[in-house]
Amino acid sequence: MGLLSLAIWTPIAFGALLLAIGRDEHARAVRWLALVGALIGFLVTLPLYDGFKLGTAAMQFVEKADWIERFNVHYHLGVDGISFWFVPLTAFITVVVVIASWESITERVNQYMGAFLILSGLMIGVFSALDGILFYVFFEATLIPMYLIIGIWGGPNRIYAAFKFFLYTLLGSLLMLIALIYLYNQSGGSFDIATWHQLPLSGRAQTLLFFAFFAAFAVKVPMWPVHTWLPDVHVEAPTGGSAVLAAIMLKLGAYGFLRFSLPIAPDAARQWAWLMIALSLIAVIYVGLVAMVQKDMKKLVAYSSVAHMGFVTLGFFIFNDLGVSGGIVQMIAHGFVSGAMFLSIGVLYDRVHSREIAAYGGVVNTMPNFTAFVLLFAMANCGLPGTAGFVGEWMVILGAVKANFWIGLAAATALIFGAAYTLWMFKRVYLGPVGNDNVKGLTDIDSREFLVLAVLGIAVLAMGLYPRPFTDVMDASVAELLKHVALTKLN
Amino acid sequence: MIDNISWLAIYPEIVLLTMACVIALVDLGVHSPRRTSTYVLTMLTLAVVAALQAMYASSGNTFYGFGNMVVSDAMGNWLKCFATVAMMVTLVYGRPYAADRDMLRGGELFTLSMFALLGMFIMISGNNFLVIYLGLELLTLSSYALVALRRDNATATEAAMKYFVLGAMASGFLLYGLSMVYGATGSLDIGQVFKAVNSGQIKHQVLVFGLVFVVAGLAFKLGVVPFHMWIPDVYQGAPTAVTLMIGGAPKLAAFAITVRLLVDGLLPLAIDWQQMLAVLAIGSLLVGNLAAIAQTNLKRMLAYSTISQMGFVLLGLMSGVINGNVDATAVENAYSASMFYVITYVLTTLAAFGVILLLAREGFESEEISDFAGLNQRSPLYAGVMAVCLFSMAGIPPLVGFYAKLAVLQALVASGQAIYIAMAVFAVIMSLIGAFYYLRVVKVMYFDAPLTATSVSAPVDVRVVLTINGALVLVLGLLPGGLMALCADAVVRALAT
C-alpha cells in the first residue's frame, strides 16, 4: 500500500471503527481513539514531504490499479506540486478539529468524530485522485458526512442549511459528471486525467466543458454569485464543521479549476478569463463590503472566506506564475487562518452560546491569552506581512499588476476592506471595557484550547515568515501548467 | 421433439414447481402459527434453485428447449438467480411482519410467492410470445392474491382490486399487441419474428401498430408514466411484505421480457420503439420525481421513486441503437447498463423495505416518513442501512446507485447525439430533484428527535440479512466492476444468438 493510500484509508478505517463500536457511555474512549486515528492519519502524510522531489512537474507517489475494468476506471493516485500540500494540510486540520471538539460535542460523539475522520480521508482522496471517476467519487462522497455534520450537530436552522449545502453542490457536480463522461468518450475510453490534458477539443466543446466544470467548482469555491449557500451553512454548522468547510472543502473547488478547467479546456479558459476575473473581483470587493455589515461573527468570517477565495480564483485566471502560485499559497494560508478564525469563534460560542458581535465587548479583559491569539489570526486575515495571509495575497496582487495594472489596483484596494471588517470586528468583540455580564463571567482558554490555537498560530507565523517550502514544491508544476495552458488545443 | 436438452433448460423450474406443490401439501399438516417448517422448506428450495441458476449462469451456455419455446442463457439465468435470492430475502424480512398480521395462517404466502417466482422464471426464459404471456399471467395472478392476503383489511383489498383491474388491462394490451405482431409476421417465435421483421417484407404500419400496444403493455408492467397509476396505490395499499414482493424481484422479470420482446424480437424496429421509450422515460423521470416530493407516506414515496428509477432503466434501453445503426459496443453498453440498473435497484429496494418491515410492529405500520423520526438514536445500524439505501437511490457515490446512473448516462452520452446528451442532462437535473426527497427521509432519521425511545429489536435472521444487504449496497459501490462485467457478459451472450 502506497503512502497516499495510507493517508486516505487510515482516517477512513478509524472513522468506520468509531461508527461501529462507539456509544455515548464510552465517549472518553471514543475521543481518544479519534485523536489517535487523526494523529496517525497526520503522521503518515509526513514522509510525503520527505520523499517529494522538487523541480519536476511529474506526478509523484503514483499508485495505479485496475478498479472498474469495464469502464477502464483505475484506482490511480498521485500528487504533484499543485496538490501536494493539501494532503498534510487536511490531515492536520482534522487533528485540530478533533481536539477542538473534545468537550463541545457530548451527544453521539462517535458519529461526530467518525464523520470527520471519514471526511478527512475522502478529501485527501480528492486531492490525490488522478482518475476522473475516482475524483468524482471522492468529491461527491464528502457531501454525505458534511450533510450529517451540519444537520445533526448544527444550529437552530441547521436543516435548511444542510439541504442547501447538499443540493447546491450536488447540482454543480452532476453537470461535471456529464462532462467527465463526455471526455471519456472523446478520449476513446479513458478516465485518465493526464490523458484528457492532451486531448484536442473543438472550441465549442471546450466552452461547454469549461462551464460544466465551472458549475461544479464555482459552487464549491464558492464564487460570486453562487456563494449564497456558504454563509448560511457556516452559521448553522458546528465549529468543527465550519473549520473543515472553510479550511479544506472550499479548496476542493479551487483545486478543480487547476486540475480540470485550465488544462483540459485552455482555450476556453483564456477566452472566458475576463468573466472569471470579473467574478473574482466582485467577490473580493462586493462580498468584502457585505462582510463589513454582518452582525454575526461567523457570517462575517464566512463572507470574508468568499472574498479571500476570490483572490485565489483571481490568481488562477491571470495566467502567470505569480498569480497561480499565489492562488495556491493563498489556499493553504486560508486553510490555516480561516480554520483558526472559526475555532476562535467556537471558543467564545462554547462559553456564551451566542455569535452576535453585539453580545460581546471587552473580551480582552477576561480572556487575555485568548485575545492574543485572536489578534494574531485577525492580523493574518488582514494580510499583515509576516503572517500566512500576506504571502498569497501579495503574490496574487503582484501577478495581477503584471498582467493588468487596473486589475491589480482593484484587488489591492480591496485589501483595505478585508482589514476594515476584520479589525472592526476585533475592536467590537475584544477591545474596550467589559460589555456585559456574559463577558464578565468568561474564563480564559484552558490548556486544550491553548494547544489548538498555539498549533495554528505557529503554522500561521511559520508560513508567513518562511513560505519557501510551500512555493518550492509548487514551482515546477505551476510552470508546467502555465506552459500547457498557453498552448492551444483547437484542431 | 422433447429431447434431453429440452429438459435441461427447465430443471430449476421443475424443481420449483414440484416443491411448490409439495410445500402446499406439507403445509396442510403444519399448525405452528409462524409456519416454521413451511418456511424452512421454502427457503431450502429457493436456495437450491438459486444455486442451480447460478451454476447454469456461470457456465455461460445458451440452449433452447421445447422447440425454441424457452431459452436458457446467461442473462436469463443470472436474472433468475437474482430474482430467487431477492425472493428469499423478501421472505426473511416479511415473515415476522406477516406473522404479526395473521397472514401466515394458511401458508399461502409461501406457496403463492413460489408460484409468483415460477411465473418470473417463465417470463425470463420465454422465447415465444405465448410462453412469455403465460409466465406473466402466472406472476400477476399470484401477485393479485398476495396483495389481497389480508382479506379483512379494506386498503389491501382495494389495492388488490385496483391492481387486478389495471393489471388485466395491461395484459390485454400486451396480448393485443403480440397478436398483431403475430398477424404481421406469422410467428410467435421470437427468433422467427426477428427474421421476418428484418427481411423488410412486412408491412411496417401493422407492425408499428402492434408495437405501440406491446410497449404500452410493457410500460404497465415496468410501471412507467403514463401507465404508472397503479404503482403508488398498490405499493401503499398492499401489506408491506407483499409490496416488497411485487416491487422487488418482478422488476427483473419485467426487464427480461422487455429485452426479449423489443431487442431480441423487434430490434429492426428500434427506431420506432426508442422514440416511445424516450417519451416514457422523460415522463417517468418528471412525474416520478416531482410527485415523490409531495408524499408523506414512505411506501408511496418509494413507489414514485420507483417510477423515476424505471425511467433511468428506459433511458438505458433506448440508447442501444443509434439512428437505426446496430453497433455492438453501443448495444452492449446500453443494455448492460439497464440490467445493472435493475439489479442494483432491486438490491437497494430490498434493504429499504426491509427497514420499513422491521420497524412495523403489530398494529402499527410505520410507513409514514415521520415514523422514522430519530431512528438514528434508536438504532444507528438500521438508520445507517436506510441512509445508505437512500443515498444510493439518489445516486451519490460511493454507493452502488451512482454507478448504475453513471453507466446509463455513459450509454446516452456515448451516442454522441445532441438529443441524447440533452436527455442525459435532463435526467441529471431530475436526479437532483430526487435527491431532495431522499435527503428528507435521511433528515427525519438523523436530525429529528425520536418519538419513542424504545430501541428496535429484530429476529436474528432479519438482522443478519439486513446488515449484509445494506453492506452490499456499499461494497458493490466500492467495487462495482465485477457485477458490471457480469451484466455486460450476460447481455453479449444473450444477444449473440
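Predicted model: local features only at pLDDT ≥ 70, side-chain atom pairs only at ≥ 80, totals over all residues.
What is chain B built from? Its secondary structure consists of 21 helices and four strands. The radius of gyration of chain B is 21 Å, close to the 23 Å that the globule rule gives for 497 residues, so chain B is as compact as a globular protein of that length.

Here are some overall values for chain B:

| Property of chain B | Value |
|---|---|
| Span of the C-alpha trace along the principal axes | about 70 × 55 × 40 Å |
| Share of the 497 residues that count as buried | 65% |
| Distance between the mean positions of the 23 positive and 24 negative charges | 4 Å |

Now for the contacts. If you take the contacts in chain B with a separation of 6 or more, 80% of them come from residues 24 or more positions apart.

Let's hop over to chain A and zoom in on helix 6, which covers residues 132-141. Are its residues buried or exposed? Going along the helix, G132(A), I133(A), L134(A), F135(A) and Y136(A) are buried, and so are V137(A), F138(A), F139(A), E140(A) and A141(A). That makes 10 of the 10 residues buried, so helix 6 of chain A is largely enclosed by the rest of the structure.

Finally, take a look at the start of this helix. There, D131(A) has a side-chain oxygen that reaches to within 3.0 Å of the backbone nitrogen of I133(A), one of the buried residues listed above.

How values were computed
Residues numbered from 1 in each chain as written. Chains lettered and ligands numbered in written order. Heavy atoms only, no water. Buried < 20%, exposed > 50% of the residue type's maximum accessible area, 1.4 Å probe, protein only. Helix = DSSP H or I, 4+ residues; strand = E, 2+ residues; numbered from the N terminus. Polar contact = N/O pair within 3.5 Å; in protein donor to acceptor, adjacent residues only side chain to side chain. Rg over C-alpha atoms; globule rule 2.2 N^0.38 Å. Contact = heavy atoms within 4.5 Å. Lys, Arg positive; Asp, Glu negative; His and termini not counted. Charge placed at Lys NZ, Arg CZ, Asp CG, Glu CD.
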